[in-house]
Amino acid sequence: MSPAPPLGVYIHWPYCARICPYCDFNVVRARGRDAEQARLVEAIRTDLTAQRELTGPRELVSIFLGGGTPSLMDPDWAGEIVALAKRLWTPAADIEVTLEANPTDAEADRFAGFAAAGVDRLSLGLQSLHDDALKLLGRNHDAAQARRAAKVAARTFPRLSLDLIYARPGQTPLAWAEELQAAIKLGAEHISPYQLTIEAGTAFDRAVKRGILVPPGEDDAADLFETTQRVLEAAGFEAYEVSNHARGSAARSRHNLVYWTGADYVGAGPGAHGRLTLAGRRTATCAHARPADYIAAVGVAGTGLATRETLDPRQTAEERLLSGLRIGPGVAFAEVAALGLTPDHPEVVSLVSAGLIADDPLRLRATAAGRLLLDHLTGRLAS
């Protein structure tokens, strides 16, 4: 009998000081919710304990506190959650503990507390180094705060990742290249440049429909994507995933690789998703989205999970295709066999001929050109 696979743990902290106009995550305003936040910490701890009964003993490779804005959390709460996860599962020798943070001065003042709580990797949401762009993006920090926070984080944590948003209205490749070079000088080992997408139901979606906001067209966005690759590659950052660049393999996000390689992960906190191998089957979990509902569910059932679904082979293969094509190694044909995909499949042959998929008898791998058209590729291969 093969040993149970290792896993990561994702903790969703939904509270934000301000809701960004592009955000479609499960978030709520933090103001006036102090008592609820204290109850949520205890609910997450109870939920994790219940899910340990579900998973059984596993090796724990990563813990990720995301949101929302977990840097608004009391560092002691973060320490309690991290310590509990390490007790429930067996920590890997090189376990990674990441916390997402915003670069306001108030949050930067908490960085030392989070480091003491066991966080060894900070993911800092700079989003831009230009004040006009930060205002457009609805951020509650300015460029000077962003730089200060990055410098504090670089001194405080062994590992630092910076998030940036590009393909903003009116942005040029030259201006974006200069902004990337300025971010590189801040000393992070990992940079995640995300293309601005207009998600349904967000404030930006409404602004686009009213003609107030005009994002770049496809060709301009492609130019900005190619600028991203060129500038970061020249600075020694490897694009190991379509939106994630690391200075060497040790700087890659181990937790995100859990997602992209189809490994198991527990999700706890309002709206958190999980993927677990239970009795040999891939199982999808999803927690109640509203904090109050999540807390109430934990109080009744001991877990905040709203749904638990066993995925069929085709659903499992589709997920592997969608996530696997995002990384350099791609996904093995054996993992997407339920979709009928083989090296001789007509769609595969056609995409190889078009230069969008690598000519590889063992794995489906997007080429550099294919990475620009991932939605197109997955749409054709999963149909």
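Strand E6 (residues 121-127) is mostly covered in this predicted model, with seven of its seven residues buried; buried means under 20% relative accessible area, exposed over 50% and partly exposed in between, with a 1.4 Å probe and protein chains only. Strands (E, at least two residues) and helices (H or I, at least four) are DSSP runs numbered from the N terminus. In a regular strand the side chains alternate between the two faces of the sheet. In E6, Leu122, Leu124 and Leu126 point one way, Arg121, Ser123, Gly125 and Gln127 point the other way, and all are buried.

Residues are numbered from 1 along each chain as its sequence is written, and side-chain values use heavy atoms, with hydrogens and water left out. As the model is predicted, local features need pLDDT of at least 70 and side-chain atom pairs count only at pLDDT 80 or more, while totals for chains, interfaces and linings use all residues.

E6 is paired with strand E5 (residues 90-101) in the parallel sense over four bridges; two strands pair if DSSP finds at least two bridges between them. In this pairing, leucine 122 of E6 has leucine 99 opposite. E6 also runs parallel to E7, to which five bridges join it, and here leucine 124 stands opposite leucine 162 of E7.

Glutamine 127, with a phi of about 70°, is placed in strand E6 and counts as buried at 9% relative accessibility. Alanine 167, with a phi of about 65°, is found in the loop between E7 and helix H7 (173-184) and counts as buried at 3% relative accessibility. A cis peptide bond, with omega about 20°, joins glycine 67 and glycine 68. Glycine 68 lies in the loop between strand E4 (59-67) and H2.

Helix H6 (residues 143-156) has 14 residues and reaches 20 Å from its first C-alpha to its last, close to the 20 Å expected at 1.5 Å a residue; the expected span is 1.5 Å times one less than the number of residues. Ala143, Gln145, Ala146, Ala149, Ala150 and Ala153 of H6 are buried. Seen down the axis of H6, the buried residues fall within an arc of 150°, so they line one face of the helix; the arc is that of the directions from the helix axis to the C-beta atoms. Lys151 and Arg155, on the other side of H6, are exposed. The cover over the buried residues of H6 includes helices H3 (105-108), H4 (111-116) and H5 (131-136) and strands E6 (121-127) and E7 (159-166). At the N-terminal end, H6 is capped by aspartate 142, a side-chain oxygen of which lies 3.2 Å from the backbone nitrogen of alanine 144.

The structure holds eight aromatic pairs; rings of Phe, Tyr and Trp (its six-membered ring) pair if their centres lie within 6.5 Å, and planes under 30 degrees apart count as stacked, over 60 as edge-to-face and the rest as tilted. One of these pairs, tryptophan 13 with tryptophan 77, is tilted, at 6.0 Å centre to centre and 55° between the planes. Tryptophan 13 lies in strand E1 (residues 7-13) and tryptophan 77 in helix H2 (residues 75-88), so the pair ties together parts that are 64 residues apart in sequence. Tryptophan 13 is buried, with a relative accessible area of 0%. Trp13, Tyr15 and Trp77 form one aromatic cluster.

Note on methods. Contact means heavy atoms within 4.5 Å. A polar contact is a pair of N or O atoms within 3.5 Å; within protein, one must be able to donate a hydrogen and the other to accept it, and residues adjacent in sequence count only if both atoms are side-chain atoms.
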